[in-house]
Amino acid sequence: MNAFFGLLLLIGRFIKKDNNALSRRFYAAVMSRNIFTDILRYIRFDDSVTREARKTDDKLAPIRHVTDIFVENCKSCYNASDIGCVDEQLVTFRGRCSLKVYMPSKPGKYGIKIWALYDSKTFYSVS
């Protein structure tokens with residue numbers, strides 16, 4: 001599973017526009033394409049029976065447990081300085097998602113809006 005999550009992070013970092021994200025040679029050295037796609041198809045982080053009830057209150061219900069663990073690990077591993085800057089970012093996305101917003105002033109007008117707190121001394125994103 002560590003190899004799967006490592007590949008997932010690398011693919012997200014080095015993804016190309018031509019949709020050949022799994023074409024890099026070192027990906028095949030870690031895991032075959034078929035095994036990767038099978039894990040991706042069947043991996044779930046929540047209980048599908050209670051998902052709909054939780055989604056009425058929380059749009060991130062299917063991955064809330066994972067995001068909570070991630071946020072807690074980030075908080076425990078980094079101490080921010082007392083000088084920070086809050087900024088918004090629109091991650092361009094045109095697919096189906098309940099978090100999608102329309103911002104006519106941005107170059108990519110549709111996407112997911114992210115608010116981030118940056119440490120002004122280290123330029124590290126705190127949240």
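Visitor: Let's begin with charges. What does Asp58 form with Arg64?
Guide: Asp58 and Arg64 form a salt bridge, and their closest N and O atoms are 2.8 Å apart. Keep in mind that this is a predicted model.

Visitor: Is Arg64 buried, partly exposed or exposed?
Guide: Arg64 is partly exposed, because its relative accessible area is 29% and that class runs between 20% and 50%.

Visitor: How many salt bridges does the count come to?
Guide: The count comes to five. Another one is between the side chains of Lys106 and Glu88, at 3.8 Å from N to O. Lys106 sits in the loop between β2 and β3 while Glu88 is in strand β1, so this pair ties together parts 18 residues apart in sequence.

Visitor: Why would such side chains pair up at all?
Guide: In general, side chains with opposite charges can pair when their charged atoms come close.

Visitor: And which salt bridge do Lys113 and Glu88 meet in, I mean at what N to O distance?
Guide: The side chains of Lys113 and Glu88 meet at 3.2 Å, N to O. That pair links distant parts of the chain, with Lys113 in strand β3 and Glu88 in strand β1, 25 residues apart.

Visitor: How accessible are these residues?
Guide: Glu88 is partly exposed at 24% relative accessible area. Lys106 is partly exposed too, at 23%, and Lys113 is partly exposed at 33%.

Visitor: Which residues do salt bridges with shared partners join into one network?
Guide: Those are Asp58, Arg64 and Asp68.

Visitor: You mentioned strands. What order do they have in the sheet?
Guide: The order is β1-β3-β2, in an open sheet of three strands with antiparallel pairing. β1 (84-92) and β2 (100-102) are at the edges with a single partner strand each, so one side of each has no neighbour in the sheet. On average, neighbouring strands are turned by 50° against each other, ignoring direction.

Visitor: Over how many bridges do β1 and β3 pair?
Guide: β1 and β3 (residues 110-119) pair over nine bridges, in the antiparallel sense. Glu88 turns up again here: its bridge partner in β3 is Trp115.

Visitor: What comes after β3?
Guide: Ser120 is found in the segment after β3. Ser120 is partly exposed, with a relative accessible area of 31%.

Visitor: What does Ser120 touch, apart from its sequence neighbours?
Guide: Not counting residues up to four places away in sequence, Ser120 touches Ile83, Gly84 and Cys85.

Visitor: New topic: helices. Where does Lys55 lie?
Guide: Lys55 lies in helix α4, residues 51-55. Its relative accessible area is 39%, so Lys55 counts as partly exposed. Leaving aside neighbours within four places in sequence, Lys55 is in contact with Ala61 and Pro62.

Visitor: Last one. Which residues make the nonpolar surface patch?
Guide: Met1, Phe5, Leu8, Leu40, Phe45, Ile63 and Val66 make that patch, which is about 580 Å². Leu40 lies in helix α3, residues 33-42.

Visitor: And is Leu40 buried, partly exposed or exposed?
Guide: Leu40 counts as partly exposed, at 41% relative accessibility.

How values were computed:
Residues are numbered from 1 along each chain as its sequence is written. This is a predicted model: local features need pLDDT of at least 70, side-chain atom pairs count only at pLDDT 80 or more; totals for chains, interfaces and linings use all residues. Side-chain values use heavy atoms; hydrogens and water are left out. Patches are made of residues with over 30% relative accessible area and no salt bridge: like charges are joined within 9 Å, nonpolar side chains (Val, Leu, Ile, Met, Phe, Trp, Tyr) within 5 Å. Accessible areas come from the Shrake-Rupley method with a 1.4 Å probe; for residues, only the protein chains shown count as cover. A salt bridge is a side-chain nitrogen of Lys or Arg within 4 Å of a carboxyl oxygen of Asp or Glu. Helices (H or I, at least four residues) and strands (E, at least two) are DSSP runs, numbered from the N terminus. Buried means under 20% relative accessible area, exposed over 50%, partly exposed in between (1.4 Å probe, protein chains only). Contact means heavy atoms within 4.5 Å. Two strands pair if DSSP finds at least two bridges between them. Axes are lines fitted to C-alpha atoms, for helices over the stretch in contact, and angles run from 0 to 180 degrees between N-to-C directions.
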